[in-house]
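Dear colleague,

Please find below the structure that I am handing over to you.

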There are 2 protein chains.
Amino acid sequence: MNDEQYPSQLLQNAVDEFSKLPGIGRKTALRLVLNMLRRDKEDVSRFANSVLRLRNEVRYCSVCHNISDTETCQICSNPSRDGSIICVVETVKDVMSVENTQQYRGLYHVLGGVISPMDGIGPNDLEIESLVKRVSEGGINEVILALSPTMEGDTTNFFLFKKLSPLDVKITTIARGVAVGDELQYADEVTLGRSIMNRVDFADSFRMDR
Amino acid sequence: MNDEQYPSQLLQNAVDEFSKLPGIGRKTALRLVLNMLRRDKEDVSRFANSVLRLRNEVRYCSVCHNISDTETCQICSNPSRDGSIICVVETVKDVMSVENTQQYRGLYHVLGGVISPMDGIGPNDLEIESLVKRVSEGGINEVILALSPTMEGDTTNFFLFKKLSPLDVKITTIARGVAVGDELQYADEVTLGRSIMNRVDFADSFRMDR
């Protein structure tokens, strides 16, 4: 892998650092680094500073733990959002994905991952206590569990269900099924099976504002 | 493109900067930036510094204009290389590509691009004068032109040929032909045509040390 000869140690260091990024191999890293070399110094320092500032100055919403520039995030502090529903997701990226659907007007709770004993991640490493506290303080009618359909996601779902079910709150999970636009023959059996079990009333299936 | 909502200005700035990199779209940029957020502060500053140092401290060999940490690069200052042959390439990356073949023991000359009136790049923007000077100082028997087989590359080849041919030096160009391992049916006509025109003696085709 690393037997390629670089003409300069500075160049090699930069390629080493870029190739630590997920999905970036050494060839792509070299291409990106050589692109940096062709750019203005000001432009390159703008790039480097954007990364440094993000990492050093990033803040998380004290309520939902989403990334935020302020104490409470734009979503939590928006009075037009429905404060009685919390959608529980794994990551900041998931919040952005749900937001981009423009179908959800409630609040979020970012766990920061899922329970994964293999990776040494237990319930205490996630923002679970703060979720239970939010719900037990009242005013929440529904918690939507929107975690990955993996073994770890399901484990976390059951853990959250056990913690939340004593509280007076409706617990739901997002529908799993054949993706819109997908043909049945290409869906895997588990997905197709769940999508038949969880079939919905045809008239309801067109309503977006449920 | 940019209608996605980012929960933080810092995050958006970093995504903006990453998506300026060639071949990196906004989705990939977000993935890379979120990866940065999960890493140690020290690790992130090592990343940012590697880019800043490369851009601010980079030096170029005073002879061949390849990237170098020293006044003359490792190749130009290596006494075991054949100083009578110069391979003319466009970029630093091309030097690395030729070096990786381990078939070439001569020196290089990095032009820094090709003549491209459309992009406003004329002969004076490239390291052409310094190449002519190197050759006219004597001791060079052969100049190998290894530029891209594009219209701009061909234009530059002819320009260099005109400049160098009055000097007492052999001017060659790398063989164009069907790539090793490629089937004939997949080669384009121009490549196949050139590879028939420039056919070589069968016995010679196995010799690597020509």
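This is a predicted model: local features need pLDDT of at least 70, side-chain atom pairs count only at pLDDT 80 or more; totals for chains, interfaces and linings use all residues.

The centres of domain 2 and domain 3 of chain A, taken over C-alpha atoms, are 22 Å apart. These belong to a division of chain A into domain 1 (9–57), domain 2 (81–174) and domain 3 (175–210), with bounds that come from an automatic or database domain assignment.

Residues are numbered from 1 along each chain as its sequence is written, and chains are lettered from A and ligands numbered from 1 in the order in which they are written.

**The two chains**

A rotation of 180° with 0.0 Å of shift along its axis places chain B on chain A with an RMSD of 0.1 Å; the superposition is by least squares on the C-alpha atoms of residues with pLDDT of at least 70 in both copies. That is the relation of a two-fold axis. Within chain B, Ala48(B) has the C-alpha nearest the axis, at 2.4 Å. Both copies use the same surface, since 100% of the contact residues of chain B recur in chain A.

The contact between the chains takes 47 residues from chain A and 47 residues from chain B, where two residues are in contact if their C-beta atoms, placed from the backbone, lie within 7 Å. On chain B, at least two residues each are supplied by α1 (9–18), α2 (26–38), α3 (41–57), β2 (67–68) and α4 (92–101). Helices (H or I, at least four residues) and strands (E, at least two) are DSSP runs, numbered from the N terminus. The most is given by α3(B), with 14 residues. By class, the side of chain B that touches chain A has 24 nonpolar, twelve polar and eleven charged residues; Ala, Val, Leu, Ile, Met, Phe, Trp, Tyr, Cys and Pro count as nonpolar, Asp, Glu, Lys and Arg as charged, and the others, Gly among them, as polar.

Phe47(A), in helix α3 of chain A, touches Glu17(B) and Val51(B), not counting residues up to four places away in sequence. Phe47(A) is buried, with 23 other C-beta atoms within 10 Å. The term buried requires 20 or more other C-beta atoms within 10 Å of a residue's own, exposed means 12 or fewer, and partly exposed lies in between, with C-beta atoms placed from the backbone.

**Helix α1 of chain B**

Which residues of α1(B) are buried? They are Leu10(B), Leu11(B), Ala14(B), Val15(B), Glu17(B) and Phe18(B). Seen down the axis of α1(B), these buried residues fall within an arc of 160°, so they line one face of the helix; the arc is that of the directions from the helix axis to the C-beta atoms. They pack against α3 (41–57) and β2 (67–68) of chain A, together with α2 of chain B.

In that helix α2 of chain B lies Arg26(B), which counts as partly exposed with 14 C-beta neighbours inside 10 Å. Arg26(B) and Asp16(B) are ten residues apart in sequence and 7.6 Å apart in space, C-alpha to C-alpha.

**The nonpolar core**

In soluble globular proteins, nonpolar side chains tend to be buried together. Here the largest nonpolar core has 92 residues, and those with the most contacts inside it are Val88(A) and Val88(B). Such a core is a set of buried Ala, Val, Leu, Ile, Met, Phe, Trp, Tyr and Cys residues joined through C-beta atoms within 7 Å. Among the residues that Val88(B) touches, not counting those up to four places away in sequence, are His109(B), Leu131(B) and Ile144(B).

**Loops of chain A**

Cys64(A) is in the loop between β1 (59–60) and β2 of chain A and counts as buried, with 25 C-beta neighbours inside 10 Å. The C-alpha atoms of Cys64(A) and Ser130(A) are 8.6 Å apart in space, although the two are 66 residues apart in sequence. His65(A) is found in the loop between β1 and β2; it is not a glycine, yet has a positive phi of about 70°. His65(A) counts as buried, with 21 C-beta neighbours inside 10 Å.

Gln102(A), in the loop between α4 (92–101) and β4 (106–110) of chain A, has a positive phi of about 55° and is not a glycine. With 9 C-beta neighbours inside 10 Å, Gln102(A) counts as exposed.

With kind regards
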